[in-house]
Amino acid sequence: MLDCAELGCSNEFMRILGIDPGTHIMGYGLLEVNLSNNSDDVRFIKAGAVYLKKPTLPERLFEIGIFLQEFMQEWKPEALSLEKIFVGKNVDSAFKLGHARGVIMMEAIRAHAEVFEYANRAVKKNITGTGAADKVQLATTLKMLLALKTLPE
């Protein structure tokens, strides 16, 4: 269980930034959770995608760092949730993703946010009830849980 006092939150509310790392497109979502009185109140703040346009991997990693520095400074999340790395068919892609995750973790720590890592299937199972949920099922469930009128990008 996340403890707001341990993470340095200013009150009973804690901001959590979730990142879906990528070296061409990086997704993010920011939530605020009410930790007082065992409340399950979760408020959607914002979400989006960062399209990394630079031609080389080092330049795209730099773009990730700059985006996160600015985001963390403006929104001040106390915690960062990051997808654990997995190796699929393309080992090279996994290594590149590892570089992106390293930049993300570094910027989170620089901003004094605690980093939590979760397996993709575990997140899907906790949200939808099945670890094999597809993107449409996941998006539909999140839209309902967060009481969103439309889905973010």
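**View 1. Strand 4 and strand 5 lie side by side in the parallel sense.** Two strands are said to pair if DSSP finds at least two bridges between them. The strands themselves are DSSP runs of E with at least two residues, while helices are runs of H or I with at least four residues, and both are numbered from the N terminus. To find your way in this pairing, look for Ser 81, which stands opposite Phe 116 in strand 5. Please keep in mind that this is a predicted model, in which local features need pLDDT of at least 70 and side-chain atom pairs count only at pLDDT 80 or more, whereas totals for chains, interfaces and linings use all residues. Residues are numbered from 1 along each chain as its sequence is written, and side-chain values use heavy atoms, with hydrogens and water left out.

**View 2. Strand 4 also pairs with strand 1.** Here strand 4 (residues 79-83) meets strand 1 in the parallel sense, over four bridges. How many of the five residues of strand 4 are buried? Four of them are, and the strand is mostly covered. Buried means under 20% relative accessible area, exposed means over 50%, and partly exposed lies in between (1.4 Å probe, protein chains only). As you follow a strand, remember that in a regular strand the side chains alternate between the two faces of the sheet.

**View 3. A hairpin joins strand 1 to strand 2.** Strand 1 (residues 13-20) and strand 2 (residues 25-34) run antiparallel and are joined by eight bridges. The hairpin takes the chain from strand 1 to strand 2 through four residues. A handy landmark is Ile 19, which stands opposite Tyr 28 in strand 2.

**View 4. Leu 61 is a buried residue of helix 2.** Is Leu 61 buried or exposed? Leu 61 counts as buried because its relative accessibility is 15%. Which residues does Leu 61 touch, not counting residues up to four places away in sequence? They are His 99, Ala 100 and Val 103, where contact means heavy atoms within 4.5 Å. Leu 61 and Met 26 are 35 residues apart in sequence, and their C-alpha atoms are 11 Å apart in space.

**View 5. Ala 108 is a buried residue of helix 3.** With a relative accessible area of 1%, Ala 108 is buried. Leaving aside neighbours within four places in sequence, Ala 108 is in contact with Met 72, Leu 80, Ala 113 and Val 115. Now look for Lys 124, which is 16 residues from Ala 108 along the chain: the two C-alpha atoms are separated by 23 Å.

**View 6. Lys 76 and His 112 each have a positive phi.** Lys 76 sits in the loop between helix 2 (57-75) and strand 4. Its phi is near 50°, a positive value in a residue other than glycine. Lys 76 counts as exposed because its relative accessibility is 53%. His 112 belongs to the loop between helix 3 (91-110) and strand 5. The phi of His 112 is near 65°, again a positive value in a residue other than glycine. His 112 is exposed, with a relative accessible area of 69%.

**View 7. Stepping back, the chain holds five helices and five strands.** In what pattern do they follow one another along the sequence? You can read it as α-β-β-β-α-β-α-β-α-α. The C-alpha trace spans about 45 × 35 × 25 Å along its principal axes. A compact globule with 153 residues would have a radius of gyration near 15 Å, so the 16 Å of the chain agrees with it. That radius is taken over C-alpha atoms, and the globule rule is 2.2 Å times the number of residues to the power 0.38. Buried residues make up 35% of the 153 residues. Among contacts between residues at least 6 apart in sequence, 54% join residues at least 24 apart.
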